[in-house]
Structures are given as structure tokens and as C-alpha cells.
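Please look over the sequence and the structure shown below before reading on.

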Amino acid sequence: MTKAEFAIELRGIVGTIKTYTRNPFMMGYTEQLQEAIDNDDAQKAKLVLDRVLKWYNREIEKIQHDEYIFNKNMHEKAYYLLREYRQNLQC
């Protein structure tokens with residue numbers, strides 16, 4: 001996934017996360033991720049993506065099994081896109 005493709009998806013990813021949590025750390029991470037992408041700051045993007053993915057690693061099972069979460073498929077897509085883009089930053 002290219003940076004341009006990720007940038008297109010990022011607003012949806014952030015919106016999906018915000019439907020689930022108002023955790024101040026996550027709100028800050030998503031803002032910082034948007035800023036890193038906008039400023040072409042790959043190092044900052046890696047740092048923030050690692051934090052967002054760590055959170056999703058802890059939360060995804062709860063999301064998948066919570067009967068009140070209506071957008072499970074969007075969370076799965078967001079989680080997938082975040083992991084895919086982070087892998088591309090390994091280079």
C-alpha cells in the first residue's frame with residue numbers, strides 16, 4: 001500500500017476508531033498519525049502506527065465479540081489497513 005492510498009483511507013480508519021473509543025491517547029495518536037502522513041514524516045508515522053496497532057491488538061477481540069458493536073467489519077478493515085501500511089514502512 002502506498003502512502004497516497006493510505007492517506008485516502010486514513011480518515012475512515014480514524015472515524016472507525018472514534019466510533020469505539022474516546023480514549024485521549026488514541027485521539028492523540030490518530031491526530032499525530034494524520035499529521036505524520038500529511039508531513040511525509042515516515043519515522044513519526046512508524047512510531048504512531050506502532051502505538052495504534054498495539055491498542056488494536058488488545059481491543060480487536062473485544063470488538064469482534066461485543067454484541068453492541070455495529071461496525072465490526074469496518075474495524076477489521078481499519079486494522080488490516082493499518083497493519084498493511086506499517087509493513088510497507090519496514091523498508
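## Salt bridges

A salt bridge is taken here to be a side-chain nitrogen of Lys or Arg within 4 Å of a carboxyl oxygen of Asp or Glu. The model is a predicted one, and by this rule the count comes to four salt bridges. One of them joins E35 to K44, with the closest N and O atoms 2.8 Å apart, and E35 itself counts as partly exposed because its relative accessibility is 37%.

Another salt bridge is formed by D40 and K3, whose closest N and O atoms are 3.8 Å apart. D40 belongs to the loop between α2 and α3 while K3 belongs to helix α1, so this pair ties together parts that are 37 residues apart in sequence. D40 is exposed, with a relative accessible area of 58%, whereas K3, at 32% relative accessibility, counts as partly exposed.

In soluble globular proteins, nonpolar side chains tend to be buried together. In this model the largest nonpolar core has 26 residues, and those with the most contacts inside it are F6, I13, L33, Y56 and L82. The elements that give two or more residues to this core are α1 (3–20), α2 (24–38), α3 and α4, and α3 gives the most, with nine residues.

Which residues is I13 in contact with, once its neighbours within four places in sequence are left aside? They are F6, A78, L81 and L82.

F70 is found in the loop that runs between α3 (42–65) and α4 (72–88). Is F70 buried or exposed? F70 counts as exposed, because its relative accessibility is 66% and exposed means over 50%. Although F70 and Y20 are 50 residues apart along the chain, their C-alpha atoms are separated by 9.9 Å.

Definitions and conventions. Residues are numbered from 1 along each chain as its sequence is written. This is a predicted model: local features need pLDDT of at least 70, side-chain atom pairs count only at pLDDT 80 or more; totals for chains, interfaces and linings use all residues. Side-chain values use heavy atoms; hydrogens and water are left out. Helices (H or I, at least four residues) and strands (E, at least two) are DSSP runs, numbered from the N terminus. Buried means under 20% relative accessible area, exposed over 50%, partly exposed in between (1.4 Å probe, protein chains only). A nonpolar core is a set of buried Ala, Val, Leu, Ile, Met, Phe, Trp, Tyr and Cys residues joined through side-chain atoms within 4.5 Å. Contact means heavy atoms within 4.5 Å.
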